[in-house]
Amino acid sequence: MTRILPQTKSAPVNPLKSSQPLGAALAFLGVDGAIPLFHGSQGCTSFALVLLVRHFKEAVPSQTTAMDEMATILGGMDHLEEAILNLKTRTNPKLIGVCTTALVETRGEDFARDLANIKMMHAKELAGTEIVLANTPDFHGAIEEGWAQAVTAMLQRITLRGERVRQSKKIVILPGWNLTVADIEHLRETMESFGLKPVVLPDLSGSLDGTVPDDRWVPTTCGGTTVKDIEELGTSVQCIAIGEHMRRPAEVLQRLTGVPYALFHSLTGLKETDRFISLLSSISRAPAPAIIRRRRAQLQDALLDGHFHFGGKKIGIVAEPDQLYQLATFFTGMGAEIPAAVTTTGTSNILKKVPAEQVQDGDLGDLEGLAAGADLLVTHSHGRQAAERLGIPLMRVGFPIFDRLGSQHKLTILYQGTRDLIFDVANIFQANQHTPTPESFDPFRKRETTR
């Protein structure tokens, strides 16, 4: 079993993780006509907004309650009320996602009661707008937990309770935060090829896919899962959750509506994709389409072509728990080793299944101490300085990626995405090959020359 090493430093030397409120805001951005509202100071919102805009290269809607010193001491209900009413008046969103920050969580306010009072006092003004509260303090968890918390809150607030008449072709997809826009779009197309009707929550492929409204500027999200879709999730015949952090939302949906769920820890790799395609065949009662079988054959060929480049390579991975598992299983499945694995939180159950001797709960500073001698570093753009200092090539994954274009349009899942990953990594290895020397073939000669 993998050993989980706890964080021992008093403070991060080179911070790794993004905050819970940012993860919740990202989830709310996958709903049509939504706007995230950070309940805290302006700085909390500004920092998250900068990262989101730099990552997606899009205009990202978000607002803040702009807590000042007085509100921090006396309570922020007035600021929350004013912000919600202003948003309703100026943008008329279909959903306002309230993301709490450490500033207000530390004070211990009763946000649920505050929101209930605001809705009761302004029932007419707020008609037609759902207000969802996600408790996401910065001092706990990271982007993964924030995403899951927001999805859970939307299900609890919006989804109609009780058993409903099932639609035999309707499937709920609860994607993990680490799936890219291209991943979600490819996932939907794959399911539709089986004649199924997927409803994705949240659906970033509809709201942050790089398209621009033709006729007007929209102050909220444009595209994504509709509030009506969230209400009617109980009519689905099956729920598919991707990532261990999506287990709780899937369990909440099952408890509220009776919709059963299947959990996939990853959809990268031949084995997990085969299991997923088999489930779709079972639900649709149809064999895999010819295009799916062709992509599987292409992946098999890529596995044969690529494994020569992966065998014996040492990989350092720094990522959120579920993405760490996704990448580590991919690399070890290709014959590589994982001598350095660092994550944002040591509490996730998936870490025990990561194919590495140990996983460090830490930061990018820990990576530099563990990854010396590795052949490749895998993390987001903040790892570029560590890679430069170590002289190791960097493969950018996760969030944020702000120094490269098109990161959200890269496939990482199912047959085609796994094939693309193999090619991307193999090409990095080929581009960074070192010319063999006599010493590299003769260890005794190398020893003599170094005396």
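Trainee: Which residues form one aromatic cluster?

Mentor: Phe310, Phe330, Phe331 and Phe429 do. This is a predicted model, in which local features need pLDDT of at least 70, side-chain atom pairs count only at pLDDT 80 or more, and totals for chains, interfaces and linings use all residues. Residues are numbered from 1 along each chain as its sequence is written, and side-chain values use heavy atoms, with hydrogens and water left out.

Trainee: How many aromatic pairs does a search of the whole structure find?

Mentor: Five. Rings of Phe, Tyr and Trp (its six-membered ring) pair if their centres lie within 6.5 Å; planes under 30 degrees apart count as stacked, over 60 as edge-to-face, and the rest as tilted.

Trainee: Why is the pair of Phe264 and Phe276 called edge-to-face?

Mentor: The ring centres are 5.5 Å apart, so Phe264 and Phe276 pair. Their planes stand at 80 degrees, so the pair is edge-to-face. Phe264 belongs to strand E9 (residues 261–264) and Phe276 to helix H12 (residues 270–284), 12 residues apart. Helices (H or I, at least four residues) and strands (E, at least two) are DSSP runs, numbered from the N terminus.

Trainee: What makes the pair of Phe310 and Phe331 tilted?

Mentor: Their planes are at 40 degrees, so the pair is tilted. The ring centres lie 6.2 Å apart. Phe310 is in helix H13 (residues 290–310) and Phe331 in helix H14, 21 residues apart.

Trainee: Does Phe310 count as buried or exposed, and what about Phe331, buried or exposed?

Mentor: Buried means under 20% relative accessible area, exposed over 50%, and partly exposed in between (1.4 Å probe, protein chains only). Phe310 has 0%, so Phe310 is buried. Phe331 has 1%, so Phe331 is buried too.

Trainee: What sits over the ring of Phe429?

Mentor: The charged end of Lys313, 5.1 Å from the ring centre. The rule asks for NZ of Lys or CZ of Arg within 6 Å of the ring centre and within 35 degrees of the ring normal. Arg54 lies over the face of Phe402, at 4.0 Å from the ring centre.

Trainee: What is the order of strands in the open sheet of six strands?

Mentor: E1-E12-E11-E10-E13-E14, with parallel pairing. Strand E1 (3–5) and strand E14 (394–396) each have a single partner strand, so they stand at the edges.

Trainee: How do you know that E10 pairs with E13?

Mentor: Two strands pair if DSSP finds at least two bridges between them. Three bridges join E10 (residues 314–318) to E13 (residues 376–379), so the two strands pair. Gly316 stands opposite Leu377 in E13.
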